[in-house]
Amino acid sequence: MYPRIRAALDDIPAYVPGKSGAGLVKLSSNENPFPPLPGVLERATAAAATMHRYPDLAATELTAELSRFLSVPQEFLAVGTGSVGVLQQIVQSVASVGDEVVYPWRSFEAYPITTRIAGASVVEVPLAPGARLDLRALADAVTERTTLVLVCSPNNPTGPAVRRDEFAEFLSRVPEDVLVVLDEAYVEFVRDPEAVNGLDFLAAHPNLCLLRTFSKAYGLAGLRIGYAVAHEPVAAAIRKCAVPFGVSTIAQLAAIESLHCQDAMRERVAAVVAERERVRGALLAQGWAVPETEANFVWLATGARTAEFAAACRESGLLVRPFGDDGCRVSIGEPRENDLFLAAALMQA
């Protein structure tokens, strides 16, 4: 006989990471194709000499740096093990059995996982045409049981960003006692001048929480460090749900050094954005329907052909990320890697 496991875990889907394979080009995990920013590896390596000591529980130095960088009070910040770790802290802080969490679908696959782990019910709202979030439908889905609404912009895995005007209307319709999380993991890649930036709305909306990460634009995916920005009562609750000492000293110092490299980061992001536009343009020319994307990936709605398309890409030497029978997400890599993908896509067009 085995110990009794929570029945609520029976229906929780496992998080599926992008696959890796020896000798294959990996375009399946939205990773930054560039190495660490200047000085980051050196500072992280030096920090490894203190690995016999616990890290700073409050991430004091990093929090101070983020406070200055974002022009928000330190009390508004909560640091965690990547944006996924912080997301789980957020869900645990506001949702439990009997509550509902509303989010778009398809969107970030951690949303249903973290919700169900907390014991809350999921409410999935279909995307609008163009693989965009339907914010009016999201607001319509809020009930008296709703404690949290998740908004991903740019949306992972489809790419479009929420626009400022539609987000303002959405916030005006959500009750003030319902937390709204704007997941901005890819905010640095956004070029649409009409796209929302959560910092513009934070001061006026105490029920708004921003979720950001060092994994994408800053290239620290392997160190697992992200953060939330929210008004003090919300940020304090998020911090209470953190795993003690979860963010290593190496990650904290690497993040600080990365914040000091804004020019280099922007240069690299600009290169990714240029490749993103080139890849999307080439796919459109091949006949694919590719949604607008403000992230570091493109989305192909391959439908029932999704598994076949992913398998064909693998035969061509590269890995993409299939999502059921919905489509494939393809990360933007180096130019030669993108060329390899475009050649594979042309054969499947």
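Author: Happy to! One term first: two residues are in contact, or touch, when they have heavy atoms within 4.5 Å of each other. Please also keep in mind that this is a predicted model.

Let us start with the two parts themselves. The domain assignment divides the protein chain into domain 1, made of residues 17-35 and 261-347, and domain 2, residues 40-259. Taken over C-alpha atoms, the centres of domain 1 and domain 2 are separated by 24 Å.

Now to the place where they meet. On one side, 23 residues of domain 1 take part, and they are in contact with 28 residues of domain 2. The size of an interface is often given as the accessible area lost when the parts come together. Between domain 1 and domain 2, the buried area is about 2,200 Å², and carbon and sulfur atoms give 55% of it.

Polar and charged groups also pair up here. The count of residue pairs in polar contact between domain 1 and domain 2 is 14, and four salt bridges are found across the interface. As for a salt bridge you can look up in the model, the side chains of E109 and R321 meet at 2.6 Å, N to O.

Which elements supply the side of domain 1 that touches domain 2? Helix α10, strand β9 (297-300) and strand β11 (321-323) each supply at least two residues. The most comes from α10, which gives seven residues to that side. Sorted by class, the side of domain 1 that touches domain 2 has eleven nonpolar, six polar and six charged residues.

Helix α10 spans residues 262-286, and A270 lies in it. With a relative accessible area of 39%, A270 is partly exposed, because this value falls between the 20% and 50% cut-offs. A270 and F189 are 81 residues apart in sequence, yet their C-alpha atoms are 7.7 Å apart in space.

Finally, have a look at R132, which sits in the loop between β4 (121-126) and α5 (135-140). Is R132 buried or exposed? Its relative accessible area is 16%, so R132 counts as buried, the cut-off being under 20%. Leaving aside residues up to four places away in sequence, R132 touches L127, P160, A161, V162, R163, E166 and E292. With one of these, E166, the contact is polar: the side chains of R132 and E166 come to 3.5 Å.

Note on methods. Residues are numbered from 1 along each chain as its sequence is written. This is a predicted model: local features need pLDDT of at least 70, side-chain atom pairs count only at pLDDT 80 or more; totals for chains, interfaces and linings use all residues. Side-chain values use heavy atoms; hydrogens and water are left out. Helices (H or I, at least four residues) and strands (E, at least two) are DSSP runs, numbered from the N terminus. Buried means under 20% relative accessible area, exposed over 50%, partly exposed in between (1.4 Å probe, protein chains only). Domain bounds come from an automatic or database domain assignment. Buried area is the accessible area (1.4 Å probe) that two parts lose on being put together, summed over both. A polar contact is a pair of N or O atoms within 3.5 Å; within protein, one must be able to donate a hydrogen and the other to accept it, and residues adjacent in sequence count only if both atoms are side-chain atoms. Ala, Val, Leu, Ile, Met, Phe, Trp, Tyr, Cys and Pro count as nonpolar, Asp, Glu, Lys and Arg as charged, and the others, Gly among them, as polar.
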